[in-house]
Structures are given as C-alpha cells and as structure tokens.
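Here is a predicted model to go through by question and answer. Each answer sets a computed value against its definition.

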Amino acid sequence: MLLGEQEQFLSYNGEVLIFQLSKPKHVEGAADKTVNLCVRRMAFNRDTKLFVQKSSGVFSMCASHFKIEIICCSCATDSRTGIILPCILMKKKKRNNVVKYFLLLLHSSNQFEQSFHFKLDYELKEDIRLFTGPSVLWRHANKLFYISSDTCTVLSAPVQLSSVVWTGEIEDEGTVVLGIKTACLPESEDEDELSTSDRAIWGSEFFGYAIETQKMLTGTCFMPHAYSRVVSSVYVCKNEMLKKQLRISLVAITHKNQLIWFQDGHPKGVCELPYEKPCSVKTAVTSSNDLLFIVSFASRNICVVQRRDTLQVASKWQNVKSVLVDDFTGSGSEQLLLLFKDDSNTDVLSTFKITDLGEVNYASGISYKHDVPAAEGLQENGLLTVQALETRLQAGYTSVRELQQHLGLKRRVILESCRALIDLVEERTHILPTAKEVKCRREYRSLLSLVSLWDEVENPPHSLSKETSLASKVPEHFTEKLWQRVVGDSLVVGVKLTESFYLSLSDVSLSLVMDQDFSSISPIIECRNKIIKLNKAFSALAVSLCQIEPPPKKMKLDLRSKNDLKKEFPKRCSRVQLDGTKTVIAVTSLAPLLAFHRVRCVVLLHMKKQNRRNDSLQESKKITVLCGKILLSLEDISNGKYSVKMLRDNSYCTGSMEDILAVLAVSVRFSFQIVSSDCTLTPVNSWLLGEMECTPFKECHDNIFCHKAGNVYGTVFNWTLKNPFEGFLTLFCRNLTVLFQCLHSLTRVLPPSCDVKLLRSGNKGVLIEQLALALEKEMLTLRSSFFSKGSKAENSLTWGNEPGKKISDAPVVSLLDSEEGVQQFRKKLQNEREESVQSTNQTMNGALYQETALKIAEAQLSSDMIVWRLS
C-alpha cells in the first residue's frame with residue numbers, strides 16, 4: 001500500500017474522522033525523516049446535504065529506517081477519565097524484523113497522545129481488537145495475547161483458540177472475549193473412531209473468557225454447541241444478569257452465508273444472506289426503533305437485515321469502501337453512512353449515502369442547492385406521514401384493548417345477572433359483589449345498575465320490587481308438570497301449563513340455567529322454544545313456533561311483543577283454546593352438557609300477561625316462574641332413563657304424551673296438499689299402514705308413528721281427507737333427507753295424475769277463513785281510528801278567529817233584504833270558508849298518533865302475512 005493511500009474511517013459523536021498518513025512537503029536541504037498522521041473531522045451539513053471539514057490535526061513521527069502503517073482504529077474507553085476516545089494502533093517495522101507497536105489517543109482538541117507501546121518479533125495479523133483501557137488484543141499461534149495501558153506488558157491468556165468472534169463488555173464479568181477452540185474429548189473417546197460429521201460437530205466448541213477475572217464462561221449460554229463450527233463473527237446486542245443467571249441476546253454470521261438470531265442460547269430466527277463470505281456484523285437503532293443488522297462481505301458488499309416478526313434482508317449495496325453507524329444528521333437516532341469507492345474522484349467523501357431505511361435518505365450526486373425548499377418539504381412530509389400512521393396504529397391498538405376490556409366487563413355483568421335472576425325466582429336475597437371482588441369502580445357501578453335480560457325497555461329503579469311482588473302473586477299450581485326426554489343428540493325439557501290461565505298469557509318461553517357456579521362459561525344454556533297445543537279429544541295436533549315472516553315485512557314497529565300474531569282471531573279459535581292444554585318445550589344440544597358428566601339446571605318460565613284497556617294498547621306485565629330443577633347425568637342417559645319409548649300394543653303406539661311431544665319438538669313440520677282428479681286417494685292410507693309400518697297413537701288416533709327400520713323410523717304422520725279426491729298430509733321428520741325418502745316412497749303408490757303441493761302453513765281453507773277475518777279487522781281498525789281521531793280532536797281544536805263563537809242561525813232571506821245584511825252574510829260566509837280549511841289541517845298529539853299508527857300497521861301486517869302463506 002502506498003503511503004498516500006493509507007486511510008482509515010471512524011465515526012465519533014456524529015462526525016466522520018479520516019486518518020491518513022502523509023509525508024511533509026520537501027524542503028530543500030532538509031532530511032526526509034518524518035511521517036505525519038493527519039486527521040480531518042468531517043460533519044454533515046443539512047442545508048447543503050454535503051460533508052464539510054470542521055477541524056484537523058497532525059501527529060508527526062520519525063520515520064528513519066522505519067516503515068510506518070496504520071493497523072486499525074476504534075473507539076475505546078479511557079480508564080483514567082471514563083471518556084470514550086478514538087484510538088489508533090500504529091506499527092513501525094525495522095529492518096531487523098523487530099516490530100514496534102504504539103497506541104494513540106485523539107482528544108477533542110485534535111491533539112494526539114501516545115498511550116503505550118510494545119515490541120514483538122512477529123507482525124499482528126489475526127483477530128486484532130481494541131477495547132476498554134485502552135487495550136489491544138490479538139491472536140497468534142492459536143494463543144490469546146493482550147496488553148493494556150495499566151500494565152504496559154504483554155500478557156497471555158491460558159486458552160488455546162482458533163478464532164476470536166467478539167470482544168466487549170458483559171455485566172458482572174467485565175471485558176469478555178468470545179472465541180472458538182478445539183474441544184477436549186473424553187479420554188474414552190477415540191478420535192480416530194469418530195466419523196467425519198462427528199468430528200466436524202464435536203471437534204470444536206464455543207467459549208467465553210473474562211480477562212479481568214481470568215474466568216472461563218460456558219458457551220451454551222451464548223449458542224448451542226453445534227453452531228461453533230460454522231460461526232465466523234458475533235455481535236452481542238443485549239446482556240443482563242437476571243436472578244443470578246446470565247441472559248444473552250446476540251446475532252451471528254456463519255460460513256454458510258446465514259445470519260442467525262440467538263436468545264439465551266437458543267436460535268430464534270435465521271436469514272439467508274445475499275452474498276458469500278460475510279466478514280463482520282454490527283447494529284443500528286433507527287428513529288422508528290427498528291433494529292438493523294449491517295453485514296459486511298469480503299467482496300466489498302453490504303446488506304442490511306431487519307428484525308420485525310422474522311429476519312429478512314431489507315436492502316443491499318455493492319462496491320462499498322466503508323460503512324459507519326452514527327447519528328450523522330443530528331436527528332437523535334442512528335443512520336448508516338455508506339462510502340462508495342470512486343476512482344474518478346480523490347475526495348473520500350465524494351460518493352456516499354446516508355439512510356436509516358425509513359425517514360432519512362440522503363445521497364451524493366444530487367443537487368440540493370437549487371431545490372432546497374422542495375427537498376426539505378419532501379423530507380418533512382415524509383416524517384409527518386410516518387408520525388400520522390404511527391398515531392393511527394397506536395389509536396387502533398388502544399381501541400382494540402378497550403374493546404377487549406368492554407367484552408370482559410359485559411361477560412361478567414351477564415354472569416352476575418344470571419345469578420341475580422335465579423335468586424329472584426327462588427325468592428332469595430341477591431348480594432352484589434363488593435368493591436374488592438371487582439377489578440375497578442366502573443365494573444362495580446355497572447353491576448349496581450343491572451336491568452332485566454328479558455325486557456327491551458329499561459325499568460325504573462323500583463321495578464325489582466314490582467317484579468318480586470308480581471312473581472309472588474302467581475298461583476302455586478300454575479304449572480302442571482315438568483318433564484325431560486333425550487331424543488338423539490337433543491335434550492327436550494317440557495312444562496305443561498294449567499288450562500285456567502291459558503287465555504291471559506302470551507309470549508311464553510323457557511330458559512335453562514345451570515345451577516352450578518362455572519366461572520369460565522356462561523350459565524345460560526342456548527335453546528330453542530316451541531309451543532305445542534293439544535285438544536282434549538286429541539283429534540288435532542299442531543306445533544307452533546316462530547314463523548318465518550315474508551321478506552318485505554320485517555317488523556320495524558315492535559313496541560310491544562314479537563309474537564302478537566299468534567293470538568289473532570279469538571272468535572274462531574277460542575273453542576279450541578278453551579278445550580285444550582298447552583305445553584312449552586325447550587330443545588337444546590345434549591353433547592355440551594355431557595362434558596360436565598353431571599349437571600343440574602334450573603327451568604324458568606317467562607311470560608307476559610296482557611291487559612286490554614278500552615280497545616287501546618295492551619299493557620304487558622312480566623311473569624317469571626320457577627318450574628323446578630332437572631338433573632342430567634351421563635349414567636342416567638346410558639341406562640336409558642330419559643329415552644323415548646314407542647312400542648306396539650294391539651295395533652297402537654304406546655308412547656306416553658311426553659314421548660310424543662318430545663318427538664314432535666325435535667322434528668321439522670311439513671304439510672302437503674294432495675289432489676287427485678282421476679281416482680280416490682285410498683292408496684295413501686294403505687301406504688302409511690303397510691309400507692311405512694305406521695301405528696296410531698293410543699291417545700291421538702289421527703297421528704301415526706312410523707316403526708319402519710332405517711332413517712324414516714320415528715317419523716310422525718297426520719293424514720286428513722277433505723273429500724275422496726283431496727287430502728292433507730303432515731309429516732314431522734328429523735331432517736330433509738327423511739322427508740325426501742318419504743316423498744319418494746309416496747310418489748310410487750300415488751296415481752300419476754296426482755298433484756302434491758307444499759303448504760307453508762296448514763290447511764288452505766282455514767287460511768282463507770283467517771284472511772277474511774283479518775281483512776274485516778283491518779277495515780274496522782281503520783274506521784275506528786278515523787272516528788276516534790275526529791272525536792278526540794274536537795275537544796282540542798279551536799275554530800275561527802274568535803274562540804267559542806258560533807255562526808248565527810238567522811234566515812238567509814232576512815239578511816239579503818238590505819245592503820248591510822248582504823255584507824254581514826258575506827262576512828259569515830268567509831268565516832265558514834276559513835273554518836273549513838282549518839278543519840282539514842287539524843293536528844293530534846304524539847301519543848295518539850303513535851297508538852293509531854301501531855294499530856293500523858298490526859292489522860295490515862296480519863292480513864299480509866296470511867296472504868303470503870296462501871301464495
């Protein structure tokens with residue numbers, strides 16, 4: 001290397017230090033015996049976007065019979081002051097092969113100070129490091145040597161090593177050297193017997209050596225043993241002593257062109273490097289708190305690996321002379337300074353790039369002088385954009401966290417509400433949790449303001465007392481029987497109501513609540529409700545559940561009840577209701593309950609009692625009745641205690657009424673109208689009793705149970721003949737597959753001319769009668785609404801300009817006899833005309849309008865629903 005080409009670059013406090021050896025200008029008559037070590041401090045100018053020289057310094061050395069070189073430079077802590085200073089290791093080689101080394105310190109005044117010197121009979125070539133002291137460490141003949149400013153004597157470490165991969169400070173250990181040495185195999189192991197792969201893995205090991213304490217550190221706390229053979233360089237990112245155990249985070253590059261992240265001795269991530277022969281690795285922390293790993297290669301290439309969720313190559317450059325890491329722009333975070341090799345320009349900082357792969361991005365060769373405002377505006381806009389995005393991200397994270405807290409609070413409120421409801425119906429005093437049992441005051445206030453889960457309108461504070469008094473007034477024998485059945489994978493719970501209260505109740509539903517205290521799950525069991533009505537003669541059977549409304553008629557006027565349509569047409573249906581009984585059934589999935597092996601549930605009955613006042617809106621009163629408790633265990637189910645038993649006895653099905661209701665509850669109902677124009681429908685009855693092997697229920701002859709083996713077993717049929725050529729077939733089957741099998745079997749016995757039509761809701765004749773009643777009710781509702789509007793408005797309106805004054809009934813002829821009379825008649829006529837206009841613009845209060853609109857909408861919806869069922 002020529003003397004003028006010896007350059008070293010070092011970053012220090014955001015500046016670039018350029019060290020260069022040069023000879024002084026020749027003076028005539030003077031002997032050429034000195035060499036100057038020059039330093040230039042270069043700082044980045046944010047206005048011109050160029051590096052400018054701040055200051056310089058010179059250190060002169062005698063060069064007589066010596067060859068002077070710069071070995072390396074780095075920043076190290078001066079043990080005398082604790083200040084980090086630039087250090088430069090220099091070499092003087094004599095002709096007799098004696099090599100002298102000396103270490104220089106550079107102070108802020110650009111003055112050089114020689115710290116110490118030492119002589120060797122060989123040259124330093126391998127693993128030279130500068131560290132705290134300042135000290136110099138190197139490797140020679142597989143031995144470790146070091147010297148510091150305190151001792152000024154070359155010392156040897158008692159270790160044999162093949163390479164040094166890192167030197168630095170570790171907590172509680174001081175200066176530590178990480179290296180690779182030949183492994184000491186056990187005496188029982190014969191090295192010749194080891195395979196090539198075993199020798200490659202177990203022939204070397206990773207270790208640490210503390211210089212101050214002369215202590216050996218085990219290598220497994222840094223990385224697994226198997227990696228010691230391939231690691232070429234290491235950078236320790238973080239180290240700390242936690243609970244007397246050393247915790248290490250480091251990144252290593254390997255001969256396999258990989259970068260591996262280790263955490264406490266375990267690999268956490270790996271990244272394939274884009275070039276071969278990686279030499280060293282260093283880190284940088286950017287303004288966005290990103291940790292960057294800068295990898296240098298022997299081919300003068302550089303790549304940057306970013307650590308987010310995984311390790312990945314973020315950027316790469318070629319033909320890089322040097323790469324430095326510091327805060328060159330004064331932004332408070334680190335950036336990369338890439339110095340590119342440019343043979344056409346003698347200025348070492350002529351071709352460069354400053355970047356942090358984010359907000360900061362400056363490059364040489366771009367003219368900023370003529371467009372400084374635009375460049376600054378672009379930089380500022382980019383910074384503001386990133387800050388705005390970070391703010392939005394933080395706000396989104398905060399929203400998600402608040403939502404999670406809200407969901408947790410909502411869940412705890414629901415659980416406490418269930419406990420309060422159970423205590424209410426069992427007439428126990430419910431005690432709310434104390435402030436110590438909840439996490440914050442906000443949750444406690446929420447629990448204090450609990451409202452009923454079964455009402456959509458908030459109740460006043462005294463509603464709880466009203467609820468309790470109402471529940472206490474319910475007769476003791478309101479419910480007649482509580483039963484349970486297991487049908488397939490479903491649990492069926494039924495409550496039979498007494499007949500005396502049937503006409504006054506609507507919106508009846510059951511709920512099942514687990515009586516055990518499960519803190520991790522909700523005690524409310526999800527179930528669907530059905531209401532089954534049977535008359536005393538058992539000549540008809542019907543299943544009532546929530547009907548599907550026509551698509552254009554989704555209710556938006558839902559101020560009272562969602563099931564008011566079920567109580568339509570009281571004149572025609574009152575006989576059936578008075579003669580019959582009602583059973584409310586809840587169906588739920590059995591499998592989740594069996595996970596508890598044994599579970600006890602409380603059965604609650606919820607109703608609304610309707611009181612009609614003077615043909616106006618109904619006033620609803622909530623009733624909650626504790627029907628009892630059911631116990632469900634896996635042992636009882638295995639023994640068939642709650643199974644449905646449908647047996648044949650003298651051509652009848654002997655299933656109990658609870659068994660029949662359980663089968664109907666888990667089944668889906670389908671009604672068909674069968675019309676034959678050529679022959680009678682006698683084959684249908686023969687098909688049911690013959691091929692389908694059906695037998696009628698002993699208590700209900702019109703409904704028959706299918707005993708045929710296979711999927712169709714358990715299907716319930718109801719066949720009604722309107723006349724010999726028309727009939728209605730109703731099926732209660734488990735699923736659509738069973739329905740299609742039954743219809744396929746039926747079509748084979750029916751005449752080809754038969755027409756089978758699916759009915760949406762029962763018999764067509766009954767629907768026609770219901771439609772007539774609905775239209776009549778709609779007409780009466782409209783008429784009564786208008787009449788009530790006129791009668792109620794008369795009392796609240798004022799007519800004319802003179803309140804309380806009526807038009808005189810004087811004969812018209814007498815008024816027309818004179819001019820004054822004509823004027824008086826004209827005035828009265830004008831007043832009547834104004835009063836007529838005012839009568840067409842009369843108004844009413846909001847409550848009256850709401851009542852009228854709701855009654856009209858309900859009447860129209862009822863008739864539209866029946867028309868949709870008939871279509």
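Q: What is the accessible surface of the protein, and how much of it belongs to carbon and sulfur atoms?
A: The accessible surface comes to about 49,300 Å². Carbon and sulfur atoms hold 52% of that area. The areas come from the Shrake-Rupley method with a 1.4 Å probe; for residues, only the protein chains shown count as cover.

The model is predicted: local features need pLDDT of at least 70, side-chain atom pairs count only at pLDDT 80 or more, and totals for chains, interfaces and linings use all residues. Numbering starts from 1 along each chain as its sequence is written, and side-chain values use heavy atoms, with hydrogens and water left out.

Q: Why is D659 called buried?
A: Buried means under 20% relative accessible area, exposed means over 50%, and partly exposed lies in between (1.4 Å probe, protein chains only). D659 has 6% relative accessibility, so D659 counts as buried.

Q: Why does S232 count as partly exposed?
A: S232 has 21% relative accessibility, so S232 falls in the partly exposed class. S232 sits in strand β17 (residues 231-242). Strands are DSSP runs of E with at least two residues; helices are runs of H or I with at least four; both are numbered from the N terminus.

Q: What does S232 touch, not counting residues up to four places away in sequence?
A: S232 touches V165, I253, T254, H255 and P278. Contact means heavy atoms within 4.5 Å. The C-alpha atoms of S232 and P278 are separated by 8.0 Å, and these residues are 46 apart along the chain.

Q: What makes the D659 and S656 side chains a polar contact?
A: Their separation is 3.0 Å. A polar contact is a pair of N or O atoms within 3.5 Å; within protein, one must be able to donate a hydrogen and the other to accept it, and residues adjacent in sequence count only if both atoms are side-chain atoms. D659 lies in helix α8 (residues 657-665).

Q: Why is strand β6 described as largely enclosed?
A: Strand β6 (residues 84-93) has 8 buried residues out of 10, so the rest of the structure largely encloses it.

Q: How do you know that β5 and β6 pair?
A: Two strands pair if DSSP finds at least two bridges between them. Strand β5 (residues 67-77) and β6 share 10 bridges, in the antiparallel sense. L85 in β6 is the bridge partner of A76.

Q: What joins β6 to β7?
A: Strand β7 (residues 99-106) runs antiparallel to β6, with 7 bridges. I88 stands opposite L104 in β7.
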